[in-house]
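Please find below a structural briefing on a single protein chain. It is arranged by topic for reference alongside the coordinates.

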Amino acid sequence: MSRQRVIALLGRPDAPTDAVEEYCRYLGEALLAEDFELIIERADWNATGWDGALNELRRRAEEWRGAWVLAQYTALAWSARGFPIHFPRVLKSLKAAGTRVGVVFHDIEPYGGTRMIDSLRRRVQLHVMLKALRLSDTAVFTVPMERVSWIKQEPGNGCFIPVGANLPTSSEASSRKGISTGGKLSVAVFSITGGKSGRWEIENIVEALRFAASRIGDLRLIVLGRNAQSAEAELTNRLHDSPVELHVLGVLPGEDVVRSLSASDVLLFVRGPISTRRGSAIAGIACGLPVIAFEGSETATRITEAGLAFFSPQKKGDLGDVLLRVLEDEHYRTSLAQRSLLAKRQYFSWRVIAARYAEFLRKQP
């Protein structure tokens, strides 16, 4: 029996890695077991301009009549400056061609900021997201809908599906056997935010590692993913007189990410409040790690069942205290790791995520 075709529609590509494209690729691999073939397409307005991109999209969409098209929404995928005013035109073009339109909201909330331009950007993003919700046949939210501030009552066409880790399935993710760590406990950081937020993250990471190392002794810090290498000089400078061995690995292939995380004892996630849409945190969960993170408005069911140890960013030194407890108490650390593996199997494996997608993809119009 031939598989049912599904189109994943992306906007302009991101660099140096495109997490949304990776998400679609891993989802597509898992959907094969559900008898769906996911095909990745782009409306690359950044290369051709909006008129050219929409004309090309209308032409291709004629071949997709009757198929599901899952438009992947982030504000910057559909606008260079986060004003995605053309995204509803994309959805209208798809509907006019007779496709069944799904919108996957990877951006859940409008952007913050206190400037006048930030306020205008927020209003535009809210308008676009509300319009996209109305235009879609199904909308996928990567956090529980009751945690989305602009949804006042649960929409009939909405569903909640957490993201998975953009990593290959590997036995290393569930076993540390045979991994040499040289006797040192290892702390992993997967990606650092750029700009002012990144400086705050580095400050907190360094403070916590220095404190834990002052109590335990030699530690290893493994930093990988986005902006890792741009943070290397500051990390090296601020850790130079501490018993912390620094390894900055940068952006790696998925297999090497799994290997590096699986060789670690804990993941520090300080890029923002943890939630079911935070792929770099879920990568640690998928690799069976305890994850040290802080709570926010999107922290809710599913993610809270993983092996999380929470710290308060408002409490001075709390990250270091929580890190020290996780590293010192092997029984506690092991119990958190077991919870992460269980949460992965129940909620964050691509097999489970694909099954949730298949529920609405199989529905007849």
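Predicted model: local features only at pLDDT ≥ 70, side-chain atom pairs only at ≥ 80, totals over all residues.

Residues are numbered from 1 along each chain as its sequence is written, and side-chain values use heavy atoms, with hydrogens and water left out.

**Overall form**

- The protein chain comprises 12 helices and 12 strands, defined as DSSP runs (H or I of at least four residues for helices, E of at least two for strands) and numbered from the N terminus.
- Its radius of gyration is 21 Å, close to the 21 Å that the globule rule gives for 365 residues, so the chain is as compact as a globular protein of that length; the radius is taken over C-alpha atoms, and the rule is 2.2 Å times the number of residues to the power 0.38.
- The C-alpha trace spans about 65 × 55 × 40 Å along its principal axes.
- Of the 365 residues, 55% count as buried (buried is under 20% relative accessible area, exposed over 50%, partly exposed in between, with a 1.4 Å probe and protein chains only).
- Among contacts (heavy atoms within 4.5 Å) with a separation of 6 or more, 75% join residues 24 or more positions apart.

**Nonpolar cores**

- In soluble globular proteins, nonpolar side chains tend to be buried together.
- The largest nonpolar core has 53 residues, of which L27, L261, Y357 and F360 touch the most other members; such a core is a set of buried Ala, Val, Leu, Ile, Met, Phe, Trp, Tyr and Cys residues joined through side-chain atoms within 4.5 Å.
- A second, separate core of 39 residues includes V69, A75, A97 and V148.
- Leaving aside residues up to four places away in sequence, Y357 touches Y23, L27, L31, L70, V104, V140 and I161.

- Helix α1 (residues 19-31) has 13 residues and reaches 18 Å from its first C-alpha to its last, close to the 18 Å expected at 1.5 Å a residue; the expected span is 1.5 Å times one less than the number of residues.
- The buried residues of α1 are V20, Y23, C24, Y26, L27, G28, A30 and L31, and their cover includes β1 (4-10), β2 (36-42), β3 (68-73), β4 (100-105) and α12 (350-361).
- G254 lies in helix α8 (residues 254-262) and is buried, at 16% relative accessible area.
- Although 88 residues apart in sequence, G254 and N166 are 7.4 Å apart in space, C-alpha to C-alpha.
- G254 touches L167 and P168, not counting residues up to four places away in sequence.

**Salt bridges**

- The structure holds 19 salt bridges, each a side-chain nitrogen of Lys or Arg within 4 Å of a carboxyl oxygen of Asp or Glu.
- D137 pairs with K95, their closest N and O atoms being 3.5 Å apart.
- This pair links distant parts of the chain, 42 residues apart: D137 in the loop between α5 (116-135) and β5 (138-141), and K95 in helix α4 (residues 87-96).
- D137 is partly exposed at 36% relative accessible area, and K95 is partly exposed at 33%.
- E62 forms a salt bridge with R65, the closest N and O atoms lying 3.3 Å apart; E62 is partly exposed at 45%, whereas R65 is exposed at 51%.
- R115 bridges to D118 at 3.0 Å between the closest N and O atoms, and D118 is buried at 7% relative accessibility.
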